[in-house]
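Here's a quick tour of a helix pair and its surroundings. Have a look at the model first, then read on.

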Amino acid sequence: MFRRQIFRAVLRHALEVRFGSKRITASQLANAYNLIADKHITTETARKWISGQGIPRYERIFELVHWLNINPHDLFQSNYLPSYSDPNHQLLDNKSDSEF
């Protein structure tokens, strides 16, 4: 379970970097990912990734890390978790599954 939470935090951070501070919905993530991916994902799959309820398969991780310009090993390493100066920012919070 902790591995999913790390993935969730790293994915959210990478999406924040890619899209600025804009929070995107699972639908927006699925649409953006599907533009670059060989195998498309559903909104439900994107929601699971954002919420930490699921982790992509290897071939999707490969496309995801290239698209977001991150190291695949970083997706599951707790020492990669970005540090924020804002004490109110929580990477492992319980925000809505459809939006982060």
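At roughly what angle do the axes of helix α2 and helix α3 cross?

## Ground rules

This is a predicted model, where local features need pLDDT of at least 70 and side-chain atom pairs count only at pLDDT 80 or more, while totals for chains, interfaces and linings use all residues. Residues are numbered from 1 along each chain as its sequence is written, and side-chain values use heavy atoms, with hydrogens and water left out.

## The α2/α3 crossing

The axes of α2 (residues 26-36) and α3 (residues 43-51) cross at roughly 110 degrees and come within 8 Å. Axes here are lines fitted to C-alpha atoms, for helices over the stretch in contact, with angles running from 0 to 180 degrees between N-to-C directions. Helices themselves are DSSP runs of H or I, at least four residues, numbered from the N terminus.

Who does the touching? On the α2 side it's Ala 26, Ser 27, Leu 29, Ala 30 and Tyr 33, and on the α3 side Thr 43, Ala 46, Arg 47, Trp 49 and Ile 50; contact means heavy atoms within 4.5 Å. Sorted by class, that contact has seven nonpolar, two polar and one charged residues (Ala, Val, Leu, Ile, Met, Phe, Trp, Tyr, Cys and Pro count as nonpolar, Asp, Glu, Lys and Arg as charged, the others, Gly among them, as polar).

## Around Gln 28

Gln 28 is found in α2 and is partly exposed, at a relative accessible area of 35%. For the cut-offs, buried is under 20%, exposed is over 50% and partly exposed is in between, using a 1.4 Å probe and protein chains only.

Leaving aside residues up to four places away in sequence, Gln 28 touches Lys 22 and Arg 23. From Gln 28 to Ala 46 it's 8.8 Å, C-alpha to C-alpha, with the two sitting 18 residues apart in sequence.

## What α3 packs on

Ala 46, Arg 47, Trp 49, Ile 50 and Ser 51 are buried in α3. The buried residues of this helix pack against α1 (2-19), α2 and α4 (58-68). After α3 comes Gly 52, with a positive phi near 80 degrees.

## The whole chain

The protein chain has four helices and zero strands. Of its 100 residues, 41% are buried. Among contacts between residues at least 6 apart in sequence, 66% join residues at least 24 apart.

Methods
Helix = DSSP H or I, 4+ residues; strand = E, 2+ residues; numbered from the N terminus.
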